[in-house]
Amino acid sequence: MKFDEIQIRVRYGETDQMRVVYHGNYALYLEMGRIEWLRKLGVSYKSMEDNGIMLPVVSLNVNYKKSAGYDDVINVKTQLKNKPNVKIEFEYEITNEKGEILTTASTVLVFVDMKTGRPTKAPQYFLDLLEK
């Protein structure tokens, strides 16, 4: 399925006292990858929300293999796991400049109608963009 890759330089504030990326920051890196994946598809969180749909994360799974540190450049590969319906699933791989796998992860998000607060099917315009 469709994938995208971005590079991020680890900032000092994202590390702990040992200059290693604090584990909680990986969720932010995954979000950055997901936002860019959506943007390159032709849609943004903002435009989805403007159209009454939000995409909350309902599941996050992260497997840490190696550490990233201050000033490292990491690559976040974001891939759609399967065609979305009410939920959309992504898989991620974070690597360092040497191509070593640092982290693998997955997320599940649910399309939610902002008026009702209830899950809903993926918007047709979103599915159409996936078919292109």
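I looked at what comes after helix 1 and found Gly42, with a positive phi near 115°. The model is predicted, so I take this as a computed angle.

I checked the length of helix 1 next. Its 17 residues, 25-41, should span 24 Å at 1.5 Å a residue. The end C-alpha atoms lie 25 Å apart, which agrees.

I then asked which residues of helix 1 are buried. The list reads Asn25, Tyr26, Tyr29, Leu30, Gly33, Arg34, Trp37, Leu38 and Leu41. I noted the general rule: an α-helix has 3.6 residues a turn, so residues three or four places apart point the same way.

Salt bridges came next. I searched the whole structure and got 9.

I picked Asp50 and Lys46 to begin with. Their closest N and O atoms are 3.3 Å apart. Both sit in helix 2 (residues 45-50), 4 residues apart, so about one helical turn separates them. Asp50 is exposed at 57% relative accessibility. Lys46 is exposed too, with a relative accessible area of 57%.

I moved on to Lys66 and Glu100, a salt bridge with closest N and O atoms 3.2 Å apart. This pair links distant parts of the chain, 34 residues apart. Lys66 is in the loop between strand 3 and strand 4, Glu100 in the loop between strand 5 and strand 6. Lys66 is partly exposed at 42%, and Glu100 is partly exposed at 29%.

I also logged Lys83 with Glu131, at 4.0 Å between the closest N and O atoms. Glu131 is exposed, at 59%.

Last, I found Lys81, Lys87 and Glu89 linked in a network of salt bridges.

How values were computed. Residues numbered from 1 in each chain as written. Predicted model: local features only at pLDDT ≥ 70, side-chain atom pairs only at ≥ 80, totals over all residues. Heavy atoms only, no water. Helix = DSSP H or I, 4+ residues; strand = E, 2+ residues; numbered from the N terminus. Expected span 1.5 Å × (residues − 1). Buried < 20%, exposed > 50% of the residue type's maximum accessible area, 1.4 Å probe, protein only. Salt bridge = Lys/Arg side-chain N within 4 Å of Asp/Glu carboxyl O.
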